[in-house]
Amino acid sequence: MNKVYAIIGPPASGKTSLVKELSKQGVPVMVSHTTRPKKQHEVHGADYYFVSKEEFGQLQLIEKVTRDNNFYGLSKDEVLRKVNQHPVSIVDIDLVGLEQLKKLLGGRVESIFVLVDKNTVIQRLVTQNAKLEDIQRQVEQAAGKGEFDNWQTADYVVKNTGAMDASVRQMQAIMGLLWAEPASATETV
Ligand SMILES: Nc1nc2c(ncn2[C@@H]2O[C@H](COP(=O)(O)OP(=O)(O)O)[C@@H](O)[C@H]2O)c(=O)[nH]1
Ligand SMILES: Nc1ncnc2c1ncn2[C@@H]1O[C@H](COP(=O)(O)OP(=O)(O)O)[C@@H](O)[C@H]1O
């Protein structure tokens, strides 16, 4: 059965970075549509599908959000296309999206919670030069939605406070994309 692994976790836990790295290693990613302008370094179809408001309005979406007058959403077509084409794919999604994904795909969805503590989140947001009041709001909102506690209901948990490489390898192992090197047959003890 083809599987989609939903990467969930609080803000600044590392979801975007981990998904980008897994994508570089060849894991197919479900891509959202957005009406916000494309930034120079971004690639249509990889970072987002960049579309007009009219085009966005015609999509069948499993969930969407409005931010700063821009729309973002994951289309049903994108989900079905990726899950039907690939044995394993990944998606960076929030909890509402995860519930919708489960309604659409049932047992084909597994969730991986990216675990970090609140202090690490705050430190990372400070490093990204976020304003203190924005940091406080983001952390409070995430805590209010239970985003620090979702590890309790996720299928898998990966702690992302050490080296990112280690988290990437753990996720590959969870998804069945990494195997331990077999011990050499000629090895003596
Ligand atoms: N619910 C939902 N949120 C999304 C989707 N796509 C992106 N987002 C969120 O929208 C926010 C803004 O994304 P983006 O414009 O790429 O961020 P920026 O590069 O930091 O300006 C981020 O928090 C994303 O996680 C989506 O399909 N659904
Ligand atoms: N294992 C890690 N160690 C240190 N910094 C990390 C690690 N993983 C991610 N980061 C950093 O944390 C910040 C937030 O990561 P990001 O991928 O944007 O999180 P999210 O998508 O969950 O909001 C980024 O600056 C990123 O480089």
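This is a predicted model: local features need pLDDT of at least 70, side-chain atom pairs count only at pLDDT 80 or more; totals for chains, interfaces and linings use all residues.
Residues 2-176 are 40% helix and 22% strand.

**The annotated span**
- The unreviewed UniProt entry labels residues 2-176 as "domain: Guanylate kinase-like".

**Where α1 meets α7**
- Helix α1 covers residues 15-24 and helix α7 covers residues 164-174.
- The axes of α1 and α7 come within 10 Å and cross at roughly 65°, and the crossing is right-handed.
- On the α1 side, the residues in this contact are S17, L18, E21 and L22.
- On the α7 side, their partners are M164, S167, V168 and M171.
- Sorted by class, the contact between α1 and α7 has five nonpolar residues, two polar ones and one charged one.

**Around ligand 2**
- Ligand 2 has 13 residues around it, and G14, K15, T16, S17 and M164 come nearest.
- Two elements, α1 and α7, each give two or more residues to this shell.
- Helix α1 gives the most, with three residues.
- By class, the shell around ligand 2 has eight polar, three nonpolar and two charged residues.

**Linking the two pictures**
- Look again at S17 and M164: both take part in the contact of α1 with α7, and both are among the residues nearest to ligand 2.

Definitions and conventions:
Residues are numbered from 1 along each chain as its sequence is written. Chains are lettered from A and ligands numbered from 1 in the order in which they are written. Axes are lines fitted to C-alpha atoms, for helices over the stretch in contact, and angles run from 0 to 180 degrees between N-to-C directions. Helices (H or I, at least four residues) and strands (E, at least two) are DSSP runs, numbered from the N terminus. A crossing is left-handed if the near helix is turned anticlockwise from the far one by less than a right angle, and right-handed if clockwise. Two residues are in contact if their C-beta atoms, placed from the backbone, lie within 7 Å. Ala, Val, Leu, Ile, Met, Phe, Trp, Tyr, Cys and Pro count as nonpolar, Asp, Glu, Lys and Arg as charged, and the others, Gly among them, as polar. UniProt positions are given in the numbering used here, feature names are shortened, and annotations may be inferred rather than shown by experiment. A residue is near a molecule or strand if its C-beta atom, placed from the backbone, lies within 6 Å of it.
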